[in-house]
Amino acid sequence: ALLRQGAQHRVLASHALNLTSSRSHCIFVVRLTSCDTAMPDCQTTSELMLVDLAGSEKLSHLAENPSATLRQESIDINVSLLALGKVIQALSSPSSGSGGGSVHVPYRDSKLTKLLKHALGGNSLTVMLTCISPMDAFVEETLCTLFYASRARNIRNRPVVNEDPRAAQIRELQAQVAALRAENERY
């Protein structure tokens, strides 16, 4: 129901290529919190981000004489996708891995990259699905999209479970107590 409600707020417009073109990016976040009944103080929190990026656009393909609104929306979409491309490039470069030096990742260049910071370079697993056109007229856009996705595929994150140190210590002590009880029962 929430996803449907959010989708109703998306900005759509028609142009020469698409009758229902998305004129903005869309991010839907699901936060899950689970609690172990044996240890109510210990909670695990996860976040699932579903992101629908508006596609990059060439003004010449959109309309013969695009309106100022359509022109500005296209510029905004392309600027944010360019910023995302820079972030993906920085994260996928060999020097950004654990063995290399530090690389500046320009998360602050757009609102989109700020919102996706933890999903791209944080403590997460990331999957990217891309949509391409089978038409010969859009070969250049298809190749750019595939190049974009292949760079994203090179991002290497090492997700770990973030745990409250106090809860981790309690869990370890409970495991020790259980091991000592099991050893005590053998004698």
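These legends describe an overview and several close-up views of one predicted model. Residues are numbered from 1 along each chain as its sequence is written, and side-chain values use heavy atoms, with hydrogens and water left out. Because the model is predicted, local features need pLDDT of at least 70 and side-chain atom pairs count only at pLDDT 80 or more, while totals for chains, interfaces and linings use all residues.

**Overview. The protein chain holds 7 helices and 4 strands.** Helices (H or I, at least four residues) and strands (E, at least two) are DSSP runs, numbered from the N terminus. The order from the N terminus is α-β-β-β-β-α-α-α-α-α-α. The chain has 187 residues, and 24% of them are buried. Buried means under 20% relative accessible area, exposed over 50%, and partly exposed in between (1.4 Å probe, protein chains only). The accessible surface comes to about 13,800 Å². Carbon and sulfur atoms account for 56% of that surface. Areas come from the Shrake-Rupley method with a 1.4 Å probe; for residues, only the protein chains shown count as cover. Contact means heavy atoms within 4.5 Å. Among contacts between residues at least 6 apart in sequence, 52% join residues at least 24 apart.

**View 1. The largest nonpolar core has 16 residues.** Such a core is a set of buried Ala, Val, Leu, Ile, Met, Phe, Trp, Tyr and Cys residues joined through side-chain atoms within 4.5 Å. L84, V87, I88, L91, V105 and L120 touch the most other members. Helices α3 and α6 (139–153) each supply at least two residues. The largest share, 7 residues, comes from α3. In soluble globular proteins, nonpolar side chains tend to be buried together. Beyond its neighbours within four places in sequence, L84 is in contact with L53, L112, T113, L116, L120 and Y148.

**View 2. R31 and E47 form a salt bridge.** The term means a side-chain nitrogen of Lys or Arg within 4 Å of a carboxyl oxygen of Asp or Glu. The structure holds 1 salt bridge. Its closest N and O atoms are 2.9 Å apart. The pair links distant parts of the chain, 16 residues apart: R31 sits in strand β3 (residues 26–35), E47 in strand β4 (residues 43–52). R31 is exposed, at 60% relative accessible area. E47 is partly exposed, at 44%.

**View 3. Two serines, S93 and S110, lie in the loop between α3 and α4.** Helix α3 spans 68–92, and α4 spans 111–115. S93 counts as buried because its relative accessible area is 17%. Its side chain reaches the backbone oxygen of A90 at 3.0 Å. S110 is also buried, at 10%. Leaving aside neighbours within four places in sequence, S110 is in contact with S80 and A83.

**View 4. I132, V139, L143 and L146 form a nonpolar patch on the surface.** Patches are made of residues with over 30% relative accessible area and no salt bridge; like charges are joined within 9 Å, nonpolar side chains (Val, Leu, Ile, Met, Phe, Trp, Tyr) within 5 Å. Together the four residues have about 340 Å² of accessible area. L143 lies in helix α6. L143 is exposed, with a relative accessible area of 53%.

**View 5. V127 lies in the loop between α5 (117–121) and α6.** V127 is exposed, at 71% relative accessible area. V127 and A149 are 22 residues apart in sequence. Their C-alpha atoms are 9.9 Å apart in space.

Key:
Polar contact = N/O pair within 3.5 Å; in protein donor to acceptor, adjacent residues only side chain to side chain.
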